[in-house]
Amino acid sequence: MIIIIIAGFHPMSSTVTPSTSVPLQATTDAAEATVAPSAPAGGGQVHRPRRLRRTGTLRRMVRETVLTAADLIYPLFVMEGEGQKEAVPSMPNCFRYSLDLLLEEAKAVWELGIGAIALFPLISHHLKDNAGTESYNPEGLIPRAVRALKQALPDLLVITDVALDPYSSEGHDGIVQNGHILNDETVAVLAKQALVQAAAGADFVAPSDMMDGRVREIRQALDAEGWINVGILAYSAKYASAYYGPFRDALDSAPKFGDKKTYQMDAANAREAIKEVELDIKEGADIVMVKPALAYLDVICRIKQHTNLPVAAYNVSGEYAMVKAAAQQGWIDEKAVMLETLTSMKRAGADLILTYFAKDAALALRP
Ligand code: PBG
C-alpha cells in the first residue's frame with residue numbers, strides 16, 4: 001500500500017496511473033472492470049461515493065466537466081517579414097510568425113478543431129508613438145493579417161485585440177500625458193482601431209485595456225458604420241498581473257515607466273470584477289472575460305453566476321511559462337497538468353479559454 005501511494009505521488013514518476021495523471025480520459029483497467037465481492041459490510045449503511053469512481057467508463061459517464069477543442073482559442077503573435085518564425089524564449093513552443101507562416105499555423109489550428117484565434121502584433125519601433133497611430137492604419141500588420149486569414153480560412157474565427165500597448169512608444173495601453181494615462185482620448189483611438197479591424201474582416205474585436213467606457217464607444221462606432229455583426233469580446237475583469245511578463249517579452253511591449261495599476265484591476269478585488277462586468281454588459285459586450293485565469297478561478301466562478309453571457313478566461317503567458325518550465329525540469333507531467341489546469345477553468349465557469357496550450361490540448365483530447 002505504501003508503495004502505491006509513493007508511486008502515485010512521486011513527482012518524477014514516469015509511469016502514470018490513470019487516477020492521478022490522466023484524469024480526463026476514460027481508461028479501463030481490467031482489474032476494475034468487474035465487480036468483485038468484498039467482505040460483507042457490518043453495521044449500518046455506508047455511503048460509498050467510490051462506487052461511481054470504480055472504472056474509467058463509469059467515471060466518464062458521471063464526469064461533470066468535459067473539455068473540448070471547441071472551447072479553446074489560440075493566441076498567435078504576428079510580425080512583418082517572410083518565411084520567418086521566431087521563438088519566444090519565455091514561452092517555449094510559441095513563436096512570432098511572419099504572415100505567410102501564420103497562415104500555415106492557422107490552418108493547422110483549424111484542422112485540430114480549434115475554432116478561433118486571437119491575434120497580437122509585434123510592431124517595429126519606428127512605427128510606435130504616444131498616440132498609437134499605427135493601430136488604425138488600414139494597411140497595418142493586423143488588418144493585412146486578418147484579410148489574409150479570412151480569405152484562406154473563412155470559417156476560422158479571428159479575434160483582434162483592441163489596445164494601444166503594442167503600438168505605444170510608452171508601452172502603455174493609453175495615451176500618456178504628464179505621466180498620466182488618458183482615458184477618453186484613448187477610447188477615441190480604440191474606436192478607430194476597432195473599425196479598421198472590422199473592415200478587414202475580424203469576427204470579434206477584443207478591447208483589452210480596462211479603459212472606462214470603451215465597450216460602449218466601440219459598439220456605437222461599429223454600429224454606425226454598419227458592422228452590426230462584429231462581436232465584442234470584452235476583457236472585463238483584467239487584473240494588473242505579474243503573469244503577463246512573457247507576453248510583454250513576445251511583443252516587446254512592457255511599459256517604459258510605472259505599471260498598469262491605474263487602469264488594470266487590483267489583484268485583491270472580486271466585487272469590483274462584478275462591477276466591471278455589469279458595465280461592459282450594459283455597454284454591449286457579447287462575451288465577458290477574466291484574465292489571468294488560474295489565480296482568479298473564484299472570479300470566473302462569481303461572474304458565471306452573475307451573467308448569462310458566455311464567459312471567457314485567459315490562461316495567460318506566465319501561467320503557460322510556469323507549466324512549461326516545471327515540465328522541462330522533469331518536475332511535473334506536462335500533459336496531465338495542462339489538461340487538469342484547463343479543466344479547472346472550465347469547471348470554474350469558463351465557456352471559452354484562451355490558451356497557448358490550445359494546440360497541445362486539442363491534440364491530447366483527440367478521440
Ligand atoms: C495588452 C494585452 C496583454 C495581454 C493580452 N493583451 C498584456 C498587458 O496587459 O500588459 C497579456 C496576455 C498574456 O500574458 O498572455 N493589452
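Predicted model: local features only at pLDDT ≥ 70, side-chain atom pairs only at ≥ 80, totals over all residues.
Where is Pro292 found? Hi everyone, let's start there. Pro292 sits in the loop between strand E10 (287-291) and helix H11 (297-306).

Lys291 brings us to the ligand. There are 18 residues around the ligand, and Asp165, Arg248, Lys291, Ser317 and Tyr356 come nearest. In the side chain of Lys238, an N or O atom lies 2.7 Å from an oxygen atom of the ligand. For Arg248, too, the distance from a side-chain N or O atom to a ligand oxygen is 2.7 Å. Taken alone, the ligand exposes 410 Å², and the protein buries 100% of that.

Besides being one of the residues that come nearest to the ligand, Asp165 is linked with Asp173 and Lys260 in a network of salt bridges.

That takes us to salt bridges in general. The structure holds 16 of them, and I'd like to show you a few. In one, the side chains of Arg96 and Glu86 meet, with 2.7 Å from N to O. This pair links distant parts of the chain, as Arg96 is in strand E3 and Glu86 is in strand E2, 10 residues apart. How do the two partners differ in exposure? Arg96 is buried, with a relative accessible area of 12%, while Glu86 is partly exposed at 32%.

Another salt bridge joins Asp351 and Lys304, whose closest N and O atoms are 2.9 Å apart. Here, too, distant parts of the chain are linked: Asp351 lies in the loop between helix H13 (334-348) and strand E12 (352-355), Lys304 lies in helix H11, and they are 47 residues apart. Asp351 is partly exposed, with a relative accessible area of 29%, and Lys304 counts as partly exposed at 30%.

One more pair: Arg147 and Glu139 meet through their side chains at 3.3 Å, N to O. Arg147 counts as partly exposed, at 33% relative accessibility.

Now for a charged residue with no such partner. Is Glu134 buried or exposed? Glu134 is buried, yet has no salt bridge. The nearest side chain of opposite charge belongs to Arg144, 5.8 Å away; a salt bridge would need the atoms within 4 Å. You can find Glu134 in the loop between strand E4 (116-121) and helix H6 (141-152). Leaving aside neighbours within four places in sequence, Glu134 is in contact with Ile123, Leu127, Gly140, Leu141 and Tyr167.

Which phi values are positive in residues other than glycine? Asn93 has phi near 70 degrees, and Asp252 has phi near 50 degrees. Asn93 lies in the loop between strand E2 (85-87) and strand E3 (95-98), the two strands that hold Glu86 and Arg96. Asp252 is in the loop between helix H9 (245-251) and helix H10 (271-283).

Methods:
Residues numbered from 1 in each chain as written. Heavy atoms only, no water. Helix = DSSP H or I, 4+ residues; strand = E, 2+ residues; numbered from the N terminus. Buried < 20%, exposed > 50% of the residue type's maximum accessible area, 1.4 Å probe, protein only. Lys, Arg positive; Asp, Glu negative; His and termini not counted. Contact = heavy atoms within 4.5 Å. Near = heavy atom within 4 Å. Polar contact = N/O pair within 3.5 Å; in protein donor to acceptor, adjacent residues only side chain to side chain. Areas by Shrake-Rupley, 256 points an atom, 1.4 Å probe, with all protein chains shown as cover.
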